[in-house]
Amino acid sequence: MSLFEIIEDKIFDKRIALSPEYVPDNLIGREKQVKQIASVFAPSLKGDKPHNAFIYGKTGVGKTAITKYVLLELDQEVKKNQVAVKSAFVNCKQINTTTKILKRICNVIAPEVEVPGTGLATSEYYDKLWKILNSFGGIAIVVLDEADKLEDDGILYNLSRARENLDITEGYVSILGISNDLTYKERIDARTLSSFGNKEFVFPPYDALQLREILEDRAVIGFREGVIDDEVIPLCAALAAQEHGDARKALTLLEYAGELAVEKGSDHVTEKDVREAQERSEMDRIVEATKTLPLHQKLVLLAIVSENMKETDTNAVYMSYKDLCEKRELKALTKVRVSNFISELDMLGLITTRKVYRGRYGHTRTIVPNVTKAKVQAVLSED
Ligand SMILES: Nc1ncnc2c1ncn2[C@@H]1O[C@H](COP(=O)(O)OP(=O)(O)OP(=O)(O)O)[C@@H](O)[C@H]1O
Ligand SMILES: [Mg+2]
């Protein structure tokens with residue numbers, strides 16, 4: 001028997017199908033959104049200016065997957081009809097500076113033109129792009145995924161107004177911005193927003209049934225036949241639906257459960273594996289968030305959880321934090337600093353705070369930990 005036969009996987013088949021990069025052939029419950037995005041690009045096939053638009057929606061609701069799917073379909077039509085349309089997909093989390101994005105677009109439109117990676121002023125990159133677009137003369141579709149991560153959103157304005165501002169006299173540029181930050185719009189300036197003509201689509205979360213369908217489709221490819229217990233997929237779907245209908249979360253949970261089954265040397269995935277995967281991924285998240293906190297913030301967190309899941313308030317936390325400092329012979333920080341730490345812990349999701357009105361005492365803040373003392377101690381004991 002060869003070494004590779006021994007470690008042959010009893011659980012997974014094409015595991016890649018469970019990963020976030022995988023573009024599925026079959027999109028569940030997004031017919032309307034597919035049509036909406038297609039309608040944004042459709043004019044380009046007739047040589048007309050496509051629209052500018054924004055897609056919003058929480059994480060894992062299919063914004064990237066649906067956009068990529070529509071772009072692939074568009075590509076096929078473009079080839080069939082032999083029209084001059086090119087599209088550049090940019091993930092702004094990976095490429096977030098204006099110059100890098102401009103270079104990327106130049107490369108997509110005219111791969112034969114050499115554009116230096118550094119050493120030019122931003123305006124020179126714009127000039128290069130305008131030149132390239134003018135000689136291309138066709139339609140450039142620019143998708144800016146995770147647009148809220150843009151270092152400078154001036155690029156939205158400059159690209160969306162290129163023709164109007166006579167930077168280009170041939171062809172058109174159209175922009176599709178994507179963001180999971182629903183407040184992003186409020187940060188974009190009014191002039192830019194108006195060139196998007198208020199065309200925006202908000203992707204709703206998936207419900208448990210849709211998540212089930214998504215998981216079933218992927219499980220057929222990702223897992224070996226018959227290894228998943230009946231309750232596994234409905235449970236993953238239900239847990240992800242509770243979270244906010246996040247398909248990525250559902251898929252990761254299923255993959256994690258499979259991994260645990262492999263670890264145990266088992267030949268099938270059970271409901272228990274899913275529960276354990278959920279527990280562990282929660283723990284991973286807490287570990288990640290907790291590990292990177294500065295020392296005093298760790299102590300504040302420890303002070304909050306010391307009453308184990310009980311509601312507390314800033315005063316009590318501050319007293320208990322001072323005790324912890326004393327024991328470690330550390331000088332305690334001011335109450336204002338501690339109060340800021342509490343707000344940050346809330347943002348990280350480690351605790352939940354709520355403002356309550358207490359009559360003549362004014363407003364106070366109640367604090368409830370989202371993690372148990374044991375978990376925090378387990379993480380911090382490594383320090
Ligand atoms: N309708 C769907 N049918 C099948 N798979 C889907 C569907 N929607 C999302 N998925 C899958 O769920 C995962 C997350 O989707 P996607 O990356 O598109 O989310 P997103 O909205 O872009 O999230 P984020 O804001 O975090 O970038 C991917 O693996 C994707 O293939
Ligand atoms: Mg995305």
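In which loop is glutamate 329 found? Glutamate 329 sits in the loop between α14 (314–327) and α15. The legends below take up this residue and other sites.

This is a predicted model, in which local features need pLDDT of at least 70, side-chain atom pairs count only at pLDDT 80 or more, and totals for chains, interfaces and linings use all residues. Residues are numbered from 1 along each chain as its sequence is written, chains are lettered from A and ligands numbered from 1 in the order in which they are written, and side-chain values use heavy atoms, with hydrogens and water left out.

**Figure 1**
Helices (H or I, at least four residues) and strands (E, at least two) are DSSP runs, numbered from the N terminus. Taken along the principal axes, the C-alpha atoms fill a box of roughly 70 × 65 × 45 Å. Of the 383 residues, 44% count as buried. Buried means under 20% relative accessible area, exposed over 50%, and partly exposed in between (1.4 Å probe, protein chains only). Among contacts between residues at least 6 apart in sequence, 71% join residues at least 24 apart; a contact means heavy atoms within 4.5 Å.

**Figure 1. The largest nonpolar core.**
This core has 53 residues. A nonpolar core is a set of buried Ala, Val, Leu, Ile, Met, Phe, Trp, Tyr and Cys residues joined through side-chain atoms within 4.5 Å. Ile37, Phe41, Phe223 and Leu254 have the most contacts inside the largest core. Helix α11 (residues 247–263) gives the largest share, nine residues. At least three residues come from each of domain 1 (30–202) and domain 2 (206–289). A second, separate core of 34 residues includes Ile109, Ala110, Leu129 and Ala147.

**Figure 2. Surroundings of leucine 254.**
Which residues does leucine 254 contact, leaving aside its neighbours within four places in sequence? They are Leu18, Leu215, Ala219, Phe223, Val232, Ile233 and Cys236.

**Figure 3. The interface of domain 1 and domain 2.**
Seven residues of domain 1 are in contact with six residues of domain 2. The area buried between the two domains is about 490 Å², and carbon and sulfur atoms give 47% of it. Buried area is the accessible area (1.4 Å probe) that two parts lose on being put together, summed over both. Arg30, Thr59 and Gly60 supply 72% of the area that domain 1 buries against domain 2, more than any other three residues. Five residue pairs are in polar contact across this interface (both at pLDDT 80 or more). A polar contact is a pair of N or O atoms within 3.5 Å; within protein, one must be able to donate a hydrogen and the other to accept it, and residues adjacent in sequence count only if both atoms are side-chain atoms. The count of salt bridges between domain 1 and domain 2 is zero, where a salt bridge is a side-chain nitrogen of Lys or Arg within 4 Å of a carboxyl oxygen of Asp or Glu.

**Figure 4. Serine 179 in strand β4.**
Serine 179 lies in β4 (residues 172–179). Serine 179 is buried, with a relative accessible area of 1%. Its side chain makes a polar contact with the side chain of aspartate 148 (2.8 Å). Leaving aside neighbours within four places in sequence, serine 179 is in contact with Ile55, Tyr56, Gly57, Lys63, Asp148 and Tyr184.

**Figure 5. Helix α13 and isoleucine 342.**
Helix α13 (residues 295–305) is largely enclosed by the rest of the structure, because 10 of its 11 residues are buried. Among them are His296, Gln297, Lys298 and Val300. Isoleucine 342 belongs to helix α15 (residues 335–347) and is buried, with a relative accessible area of 0%. The C-alpha atoms of isoleucine 342 and valine 300 are separated by 7.5 Å, at 42 residues apart along the chain. Beyond its neighbours within four places in sequence, isoleucine 342 contacts residues including Val300, Ile304, Ile351 and Ile367.

**Figure 6. Two loop residues with positive phi.**
Leucine 166 lies in the loop between α6 and β4. Its phi is near 60 degrees, a positive value in a residue other than glycine. Leucine 166 is exposed, with a relative accessible area of 65%. Glutamate 329 has a phi near 55 degrees, again positive in a residue other than glycine. Glutamate 329 is exposed, with a relative accessible area of 75%.

Note on methods:
Domain bounds come from an automatic or database domain assignment.
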